[in-house]
Amino acid sequence: MKILRKIIQIDKERCDGCGNCVTGCAEGALKIIDGKACVIADKYCDGLGACIGQCPVNALTIVERETEEFDEAAVEELLGKTHGKASVPAGCPSANHHIFSSPSACEQAGLSSGCKSREEEKSGLSNWPVQISLVPPNASFLAGSDLLVVADCVPFAYSSFHKDFLRGKTVMMGCPKLDDSKSYIDKFAKIFKFAGIKSITVLSMEVPCCSGLPNIVRKALQISGAEVPITEAVIGINGSIIHSPINPDITAKCPTDRFC
């Protein structure tokens, strides 16, 4: 049955196939076909337009026309089927999903021992993209992962971020003050519902605006109905750790390379 409602319309002349809208659509309604963005089926599009802000060429608009109703159950089935099998367009590297493990400094040098200090230089990053707004709920690297949700100022303030927090985790980062909190909640709720997340770590800064990040994650977890253990840590603006139950080896003392 068709009804009159709002839905996304794509100007194929303007669309350059960058794929930003695909990652911006939490419902998985968009796909790149023959180099252009397309709506897979109208029933998957909620018409809210979260994808519009991702388009650099203004190819997406919201129109009102007769079409099939938005089907939330169909969206849930789609996300469940495509999780870990997402077809992601070529183009901007942030529109492509990557899972990788970088060789350590010791491995690169062909050394097997006596290289502990150099081992600490190894990047702990295992997925790409990392921005919350760019990671679709069905990204393959989310499945069964230990998820680290981090405020984007943290890696700049805390010098041992990779070693102490990032390694062994899938990371999503963003700013609860500058970004769209509602879209964050919607996206995390879908991730928690379908991705089989094993644990959640929320890492934020001590500034007041950053306190919104754990609240976003907890609200999304509540909406999803999933039961996932969650821990929180807080970093000071001077690089000290205000609170961290995550790693017993990390103390609340000021790091030696910071002024407290």
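Okay, let's start with the lining of the largest pocket: by class it has 20 nonpolar, eight polar and eleven charged residues. Here Ala, Val, Leu, Ile, Met, Phe, Trp, Tyr, Cys and Pro count as nonpolar, Asp, Glu, Lys and Arg as charged, and the others, Gly among them, as polar.

Quick housekeeping: this is a predicted model, so local features need pLDDT of at least 70, side-chain atom pairs count only at pLDDT 80 or more, and totals for chains, interfaces and linings use all residues. Residues are numbered from 1 along each chain as its sequence is written, and side-chain values use heavy atoms, with hydrogens and water left out.

Back to the pocket. There's about 810 Å³ of space in the largest pocket. Of the 39 residues lining the largest pocket, the closest to its centre are Ala-26, Glu-27, Asp-46, Asp-186 and Lys-190. A pocket, on a 1 Å grid over the protein atoms alone, is an open set of points where a 1.4 Å probe fits, with protein on both sides within 12 Å along at least five of seven lines; lining residues have an atom within 4 Å of a point. The volume is the space filled by probe spheres set on the points, which are joined across faces, edges and corners.

Which helix gives the largest share of that lining? That's H7, with ten residues. Helices are DSSP runs (H or I, at least four residues) and strands are too (E, at least two), numbered from the N terminus.

So, H7 itself, residues 181-194. Its end C-alpha atoms are 20 Å apart, which agrees with the 20 Å that its 14 residues should span at 1.5 Å a residue; the expected span is 1.5 Å times one less than the number of residues. At the start of H7, a side-chain oxygen of Asp-180 comes within 3.1 Å of the backbone nitrogen of Lys-182. Just after H7, Gly-196 has a positive phi of about 65 degrees. Buried residues in H7 include Tyr-184, Phe-188 and Lys-190, where buried means under 20% relative accessible area with a 1.4 Å probe, protein chains only.

Next, Leu-203, in strand S9 (residues 199-205). Leu-203 is buried, at a relative accessible area of 0%. Beyond neighbours within four places in sequence, its contacts (heavy atoms within 4.5 Å) include Leu-148, Phe-161, Leu-213 and Ile-235.

Last one: is Asn-127 buried or exposed? Buried, with a relative accessible area of 0%. A polar atom of the Asn-127 side chain lies 3.1 Å from the backbone oxygen of Pro-129, and one lies 3.0 Å from the backbone nitrogen of Val-171.

Definitions and conventions
Buried < 20%, exposed > 50% of the residue type's maximum accessible area, 1.4 Å probe, protein only. Polar contact = N/O pair within 3.5 Å; in protein donor to acceptor, adjacent residues only side chain to side chain.
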